[in-house]
Amino acid sequence: MLLQRLDYDSHWYQQSLVLREQVLRLPLGRKLDAHDLAGEAQQWHLALVQDQDILACLVIKPEQRPLAKLRQMAVQPAMQGQGLGMRLVLAVEQWLISQGFDQIKLDARLTALGFYQRLGYESQGKPFEQVGIPHVLMNKRLVRDDAQPGLV
């Protein structure tokens, strides 16, 4: 299993869109739309890849250094609960540090709040609605961990 950066509009990117739509939008009766994809050419697309398949993916929106935003994280349904999401987030955090970032934020679905809290993210403010479901803003200060894998 490799952590890989996906080129925008590549075959890998297209495969990540299918996964994101399957996990994040179809259960809500929605599809990825122009709003979801706005600015993605300027964002970083990262994934755990094995045997030509994307197992988990996410998007990083670089904001003003030292801040980045994690968005649109998805894990293959059959692979959920096996630690892939945690592995992906921790590896991406270390990669962000190497790129000069030391803060990360995200809009977490309330159902994912515990997952992000276990990774050291802290809630900020009150819940708000996004794509028709409650979310909360979370953030974390990034700290180098040489035991975490790097980006391929």
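Me: Is lysine 105 buried, partly exposed or exposed, and what is its relative accessible area?

Reply: A residue is called buried under 20% relative accessible area, exposed over 50%, and partly exposed in between (1.4 Å probe, protein chains only). Lysine 105 has a value of 23% and is therefore partly exposed. Please note that this is a predicted model, in which local features need pLDDT of at least 70 and side-chain atom pairs count only at pLDDT 80 or more, while totals for chains, interfaces and linings use all residues. Residues are numbered from 1 along each chain as its sequence is written, and side-chain values use heavy atoms, with hydrogens and water left out.

Me: Which residues does lysine 105 touch?

Reply: Contact means heavy atoms within 4.5 Å. Leaving aside residues up to four places away in sequence, lysine 105 touches several residues, among them Glu63, Lys69 and Asn139. A polar contact is a pair of N or O atoms within 3.5 Å; within protein, one must be able to donate a hydrogen and the other to accept it, and residues adjacent in sequence count only if both atoms are side-chain atoms. The side chains of lysine 105 and glutamate 63 make such a contact, at 3.2 Å.

Me: In which strand does lysine 105 lie, and how many bridges join that strand, E5, to E7?

Reply: Strands (E, at least two residues) and helices (H or I, at least four) are DSSP runs, numbered from the N terminus. Two strands pair if DSSP finds at least two bridges between them. Lysine 105 lies in E5. Seven bridges join E5 to E7 (residues 133–141), and these two run antiparallel; the partner of lysine 105 in E7 is asparagine 139. Four bridges join E5 to E4, and this pair is parallel. Here lysine 105 is the bridge partner of lysine 69.

Me: What is the order of the strands in the sheet?

Reply: In general, strands of a sheet pair through backbone hydrogen bonds, either parallel or antiparallel. This open sheet of seven strands has mixed pairing and the order E1-E2-E3-E4-E5-E7-E6. Strands E1 and E6 stand at the edges with a single partner strand each, so one side of each lacks a neighbour in the sheet.

Me: Why is strand E4 described as largely enclosed?

Reply: Eight of the nine residues of E4 (residues 67–75) are buried, so the rest of the structure largely encloses this strand. Six bridges join E4 to E3, its antiparallel partner, and a hairpin connects E3 to E4 through four residues.
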